[in-house]
Amino acid sequence: MRLASTPAAALVALAAGCGGSSPPDAAAPAETRTTLDTAPTNPTPSTTAPLPTPPGPEPLSGLPAFTAGYDSWLKLNRKPIPPRQSGDAHSGTKNVYASEQRRASGSFPNRTILLKEAVRPGKDFIGLIAVMRKERGLDRAHNDWRFVEYTRDSAGARFTETASDSVCWSCHISAQQTDYVWIYTLELAR
């Protein structure tokens with residue numbers, strides 16, 4: 001047999017030699033069908049498929065997603081911090097949490113989030129959340145911290161932003177020697 005000189009002619013010759021003139025299912029007995037014809041309709045699921053990831057904690061209503069699960073972070077204070085009689089911008093009984101450990105130099109690394117929660121006097125729910133978030137290049141004059149305060153009036157209410165940056169800087173500038181973090185200036189940290 002002489003080989004065809006073009007790919008199309010080769011395909012015609014192969015089809016003619018393989019009985020390509022009749023439909024494959026009509027001419028072939030069932031036991032000679034291809035595996036594609038006899039593959040199960042409900043294949044067994046692969047055992048290498050990843051398992052679904054359980055959802056993580058949700059942030060408190062009205063707070064940014066990056067605050068979710070803050071109460072599992074490093075707690076910076078030894079015991080709840082009571083309101084200060086000499087003035088307290090975050091009035092209430094407070095706990096402070098950090099997403100990262102403070103360095104030996106006394107400053108926090110880039111991307112650290114500090115979160116202060118406060119139960120307001122006479123209340124039984126967290127009514128204030130103050131957040132410091134460090135982002136390299138954000139604000140060199142304040143060691144790259146972004147400050148935001150959120151409050152709510154009842155346990156089921158959403159938090160709303162009530163203060164940010166310049167309002168907070170006027171107070172935190174006095175804690176500049178401890179990376180703008182009052183809990184170290186006041187020596188209330190662990």
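The model is predicted: local features need pLDDT of at least 70, side-chain atom pairs count only at pLDDT 80 or more, and totals for chains, interfaces and linings use all residues. Residues are numbered from 1 along each chain as its sequence is written, and side-chain values use heavy atoms, with hydrogens and water left out.

**Overall fold**

- The protein chain holds five helices and six strands; these are DSSP runs, with helices being H or I of at least four residues and strands being E of at least two, numbered from the N terminus.
- Read from the N terminus, the order of elements is α-α-α-β-β-β-β-β-β-α-α.
- Of the 190 residues in the protein chain, 32% count as buried. Buried means under 20% relative accessible area, exposed means over 50%, and partly exposed lies in between (1.4 Å probe, protein chains only).
- The accessible surface of the protein chain is about 12700 Å², and carbon and sulfur atoms account for 56% of it. Such areas come from the Shrake-Rupley method with a 1.4 Å probe, and for residues only the protein chains shown count as cover.
- Among contacts (heavy atoms within 4.5 Å) between residues at least 6 apart in sequence, 42% join residues at least 24 apart.

**The sheet**

- Six strands make an open sheet in the order β1-β2-β3-β4-β5-β6, with antiparallel pairing. Two strands pair if DSSP finds at least two bridges between them.
- The edge strands are β1 (74-75) and β6 (160-164), each of which pairs on one side only.
- Strands of a sheet pair through backbone hydrogen bonds, either parallel or antiparallel.

**Strand β3 and its neighbours**

- Strand β3 covers residues 113-119, and six of its seven residues are buried.
- On one pairing, six bridges join β3 to strand β2 (residues 93-98), and the two run antiparallel. Within this pairing, Val96 has Lys116 in β3 as its bridge partner.
- On another, seven bridges join β3 to strand β4 (residues 126-134), again antiparallel. Here Glu117 stands opposite Ile129 in β4, and Val119 stands opposite Ile126 in β4.
- β3 and β4 form a hairpin with six residues between them, and Gly122 in the turn has a positive phi of about 80°.

- Lys116 lies in β3 and is buried, because its relative accessible area is 19%.
- The side chains of Lys116 and His90 are joined by a polar contact of 3.0 Å. A polar contact is a pair of N or O atoms within 3.5 Å; within protein, one must be able to donate a hydrogen and the other to accept it, and residues adjacent in sequence count only if both atoms are side-chain atoms.
- Thr112 sits in the loop between β2 and β3 and counts as buried, at 0% relative accessibility.
- The side chain of Thr112 reaches the backbone oxygen of Pro109 at 2.6 Å.
- Leaving aside neighbours within four places in sequence, Thr112 is in contact with residues including Ser99, Met132 and Trp145.

**Nonpolar cores**

- A nonpolar core is a set of buried Ala, Val, Leu, Ile, Met, Phe, Trp, Tyr and Cys residues joined through side-chain atoms within 4.5 Å.
- In the largest core, of 15 residues, those that touch the most other members are Leu76, Phe108, Leu114, Trp145, Val181 and Ile183.
- The elements giving two or more residues to this core are β2, β5 (145-151) and α5 (182-185).
- Apart from this core lies another, of eleven residues, among them Ile113, Leu115, Val148 and Tyr150.

**Salt bridges**

- There are three salt bridges, each a side-chain nitrogen of Lys or Arg within 4 Å of a carboxyl oxygen of Asp or Glu.
- Lys134 forms one with Asp179, with the closest N and O atoms 3.0 Å apart. Lys134 lies in β4 and Asp179 in the loop between α4 (166-172) and α5, so the pair ties together parts that are 45 residues apart in sequence. Both Lys134 and Asp179 are buried.
- Arg146 and Asp165 meet in a salt bridge at 2.7 Å, N to O. Arg146 lies in β5 and Asp165 in the loop between β6 and α4, so this pair ties together parts 19 residues apart in sequence.
- Arg133 forms a salt bridge with Glu135, with the closest N and O atoms 2.9 Å apart. Arg133 is partly exposed at 27% relative accessible area, and Glu135 is partly exposed at 29%.
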